[in-house]
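Have a look at the model, try each task, and then read on.

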Amino acid sequence: MILLLFTFNNIVAQQASAFAKKKNYLIGDWVPIDITVSVEKDTRIFFPDFNKKDSTKSTNIEVVNASSIDTIKEGTNYRYHQLVNFICFDTGKILFEPIPILVIQKDKTDTIYTDAVLVHVAGVAIDTTKDIKAIKPPLKVPYTFKEIAPYLLLLFAIIIIAIAAFLFYRKIQRDKMPKDLKYILPPHIWALQELDKIKQQKLWQNGNVKLYYSQLSDVLRSYIELRFKLPAMEQTTEEIMTSLHKGVVKQKLKEPLHQFLSMSDFVKFAKAQPDLNDNENAIHIIQDFINQTKPLEKEQTEKPK
């Protein structure tokens, strides 16, 4: 049932009304009240500011929200309308006080009022025959993507920063590491330099025959790896000789190379003791192999391209 209230004021042709759409509400319900003001043209009116805090005098009534003011022209008059939603925190008969409307017509200022609006607010019915139940915990509402999106972006940014920091740290560590000339110089230049170092150490002359052959063998195998792209460091002597097939190394170079590698194996694993001539010739065999198999000058010039 609609409760309709009209107020007639001392300014003729100016009317203010307020009514609630229903008569009965439950506590906590919104109570919508329509406010309508009809005035003649050239009349200015001012509704109360319902968005203002403490816009109601009652401590049990609060304004939830208020619509914008609609204006309708009706002949020579204007009708203004605003819907205001209230909420009540008490039960029983609730009286909404008359709402003041400020009216200015020409040089005359007056205030007209709507009538009061009376509604009934009921509490929630309680079944006293049933036991008192424990308070339920708050319901768990699943997170939406919009809610977790900022955290995902933050996590993504942290991961990107961590990866960038790791790559930067690794680059610094690599820059600090001493450069291995083995991978910087051409293989034959590096190998010949290493052979000169071994020669200057006079290892076999000082009784370090095993170390002498081990170092020569390592230089030779490293050179073969770098020059021919073969895994010579992990291959046996026979595997190396098989890899250096015809077309890779000339046959005349393979025989002395095979003799050196075999001798080196005997020295390292069988404690063989080559004579002085063998020791002297060992380094020359490797030097000759390197010089005979190093890239041609034209090949070295074209390689950087």
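**Exercise 1. Find the ring face over which Arg 227 lies.**

Solution. This is a predicted model, and the side chain to start from is Arg 227. Arg 227 lies over the face of Phe 228, with 5.2 Å to the ring centre. A charge counts as sitting over a ring when CZ of Arg is within 6 Å of the ring centre and within 35 degrees of the ring normal.

**Exercise 2. Classify the ring pair of Tyr 223 and Phe 289, and say which helices it joins.**

Solution. 
- Step 1: Searching the whole structure gives six aromatic pairs.
- Step 2: For Tyr 223 and Phe 289, the ring centres are 6.2 Å apart and the planes stand at 85 degrees. Centres must lie within 6.5 Å for a pair, and planes over 60 degrees apart count as edge-to-face, so this pair is edge-to-face.
- Step 3: Tyr 223 belongs to helix 3 (residues 209–228) and Phe 289 to helix 6 (residues 276–293), so the contact ties together parts that are 66 residues apart in sequence.
- Step 4: Now for accessibility, where buried means under 20%. Tyr 223 is at 0% and therefore counts as buried; Phe 289, at 2%, counts as buried too.

Elsewhere, ring pairs link Phe 50, Phe 86 and Phe 96 into a cluster.

**Exercise 3. Describe the largest cavity and its lining.**

Solution. 
- Step 1: The count is one cavity of 30 Å³ or more, and the largest cavity holds about 30 Å³ of space.
- Step 2: Its lining consists of Leu 253, Pro 256, Leu 257, Ile 285, Asp 288 and Phe 289. Phe 289 is also a member of the edge-to-face pair above.
- Step 3: Helix 5 (251–270) and helix 6 each contribute at least two of the lining residues.
- Step 4: By class, the lining has five nonpolar residues, no polar ones and one charged.

Note on methods
Residues are numbered from 1 along each chain as its sequence is written. This is a predicted model: local features need pLDDT of at least 70, side-chain atom pairs count only at pLDDT 80 or more; totals for chains, interfaces and linings use all residues. Side-chain values use heavy atoms; hydrogens and water are left out. Rings of Phe, Tyr and Trp (its six-membered ring) pair if their centres lie within 6.5 Å; planes under 30 degrees apart count as stacked, over 60 as edge-to-face and the rest as tilted. Helices (H or I, at least four residues) and strands (E, at least two) are DSSP runs, numbered from the N terminus. Buried means under 20% relative accessible area, exposed over 50%, partly exposed in between (1.4 Å probe, protein chains only). On a 1 Å grid over the protein atoms alone, a cavity is a set of points where a 1.4 Å probe fits but cannot get out, and a pocket is an open set with protein on both sides within 12 Å along at least five of seven lines; lining residues have an atom within 4 Å of a point. Grid points are joined across faces, edges and corners, and a volume is the space filled by probe spheres set on the points. Ala, Val, Leu, Ile, Met, Phe, Trp, Tyr, Cys and Pro count as nonpolar, Asp, Glu, Lys and Arg as charged, and the others, Gly among them, as polar.
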